[in-house]
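Q: Please walk me through this model, one feature at a time. I would like the general idea, then the case at hand.

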Amino acid sequence: MIRLAILADLHANLAATLAVHQDAARRGLTEFWVLGDVVGKGPRPREVLDWTQAHASRVIQGNWDARVAGASHRPQDLWPRSKLSPEQLGYLETLPYGIEEQFGGAWWRFVHASSRGLFHRLYPHSSLSDQIEAFAPNPQLGLTQHADALVYADMHEALLLDVEGRPLINCGSVGNPLDSTLPCYLILEFEENGPGYSATYVRLTYNRDEEICAAEASGMPFTREYITELLTGAFQKRRARTGEV
């Protein structure tokens with residue numbers, strides 16, 4: 001049996017990341033795949049990136065990873081950028097777009113946001129044609145196969161849909177869930193010699209007070225919005241305020 005722990009949207013939340021790691025280890029999981037957004041939003045980008053490089057066997061790029069590495073220059077990009085070394089920024093910048101692997105004779109594709117681009121979102125309410133298109137090849141992004149299953153992140157909402165017989169799975173968010181206040185990760189299990197698979201979502205409590213204290217002490221921008229999201233699981237728009245850097 002092949003067993004994968006699928007994590008995404010860690011968003012520099014070290015307390016949640018370590019809680020997920022501990023839970024996965026308790027379940028005997030040793031293979032961690034991270035589907036992007038390691039950094040951004042949260043107060044401890046260096047520590048969470050260190051964890052990712054130490055423990056994840058496969059990592060792909062998220063939109064926040066690209067922004068922090070240099071794709072944009074918003075206050076919420078510049079602050080974590082200042083906390084990372086040139087080597088760490090180079091690592092984020094050169095992460096692959098996606099993963100395509102065969103399990104049980106089926107091609108499984110793993111991306112952060114969608115199969116069309118880092119900043120293109122695939123919503124639960126996207127049209128059927130958009131959902132079907134997500135399984136098509138996109139060689140420009142290194143996606144060469146006609147996928148039989150798609151696992152993605154970005155929406156911060158756990159989701160499992162059937163798209164004309166093909167699984168469309170969102171793994172949820174570890175560090176910044178927006179469908180709950182509890183971190184979420186996905187366990188995928190594949191039979192080595194057959195087409196069967198199982199998908200299990202895990203939610204767990206963590207030391208949220210520690211994370212809030214870290215945010216308050218960090219000096220990062222948009223601390224108020226970040227803490228509100230941790231406490232409510234509701235997305236907060238980030239608008240620069242006078243005197244905030």
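**Reading contacts, burial and helix packing**

A: Start with a contact list, where contact means heavy atoms within 4.5 Å. Not counting residues up to four places away in sequence, isoleucine 6 touches Trp33, Leu35, Phe110, Val151, Cys171, Tyr185, Leu186 and Leu188. This is a predicted model, in which local features need pLDDT of at least 70, side-chain atom pairs count only at pLDDT 80 or more, and totals for chains, interfaces and linings use all residues. Residues are numbered from 1 along each chain as its sequence is written, and side-chain values use heavy atoms, with hydrogens and water left out.

Q: Where is isoleucine 6 placed, and is isoleucine 6 buried or exposed?

A: Elements come from DSSP runs: helices are H or I with at least four residues, strands are E with at least two, and both are numbered from the N terminus. Isoleucine 6 sits in strand E1. Buried means under 20% relative accessible area, exposed over 50%, and partly exposed in between, with a 1.4 Å probe and protein chains only. Isoleucine 6 has a relative accessible area of 0%, so it is buried. Isoleucine 6 and valine 151 are 145 residues apart in sequence, yet 9.1 Å apart in space, C-alpha to C-alpha.

Q: Which residues is glutamate 101 in contact with?

A: Leave aside its neighbours within four places in sequence. Glutamate 101 is then in contact with Trp33, Arg58, Ala106, Trp107 and Trp108. Glutamate 101 belongs to strand E4 (residues 98-103). Its relative accessibility is 27%, so glutamate 101 counts as partly exposed.

Q: Which loop holds histidine 11, and what is its phi?

A: Histidine 11 is in the loop between strand E1 (2-7) and helix H1 (14-26). Its phi is positive, about 50°, although histidine 11 is not a glycine. Alanine 12 lies in the loop between E1 and H1 too. Alanine 12 also has a positive phi, of about 60°, and is not a glycine. Histidine 11 counts as buried, because its relative accessibility is 0%. Alanine 12 is buried, with a relative accessible area of 0%.

Q: Where is glycine 194 placed?

A: Glycine 194 is in the loop between strand E9 (184-190) and strand E10 (197-203). Its relative accessibility is 9%, so glycine 194 counts as buried. Glycine 194 and alanine 106 are 88 residues apart in sequence and 9.6 Å apart in space, C-alpha to C-alpha.

Q: Which residues of helix H4 are buried, and what covers them?

A: In helix H4 (residues 75-83), the buried residues are Gln76, Asp77, Trp79, Pro80 and Arg81. Their cover includes helix H2 (45-55), helix H3 (63-71), helix H5 (86-93) and helix H7 (208-218).

Q: At what angle do H3 and H4 cross?

A: Axes are lines fitted to C-alpha atoms, for helices over the stretch in contact, and angles run from 0 to 180 degrees between N-to-C directions. Under 35 degrees is roughly parallel, over 145 roughly antiparallel, 65 to 115 roughly perpendicular, and the rest oblique. The axes of H3 and H4 come within 8 Å and cross at roughly 75°. H3 is therefore roughly perpendicular to H4. Trp64, Arg67, Val68, Ala69 and Gly70 of H3 meet Gln76, Asp77, Pro80 and Arg81 of H4.

Q: At what angle do H2 and H5 pack?

A: H2 and H5 pack at about 60°, with axes 12 Å apart. They are therefore oblique to each other. The contact joins Arg46, Leu49, Asp50, Thr52 and Gln53 of H2 to Gln88, Tyr91 and Leu92 of H5.

Q: At what angle do the axes of H7 and H8 cross?

A: H7 and helix H8 (residues 223-232) cross at roughly 175°, and their axes come within 10 Å. H7 and H8 are therefore roughly antiparallel. H7 gives Arg208, Glu211, Ile212, Ala215 and Glu216 to the contact, and H8 gives Thr223, Tyr226, Ile227, Leu230 and Leu231.
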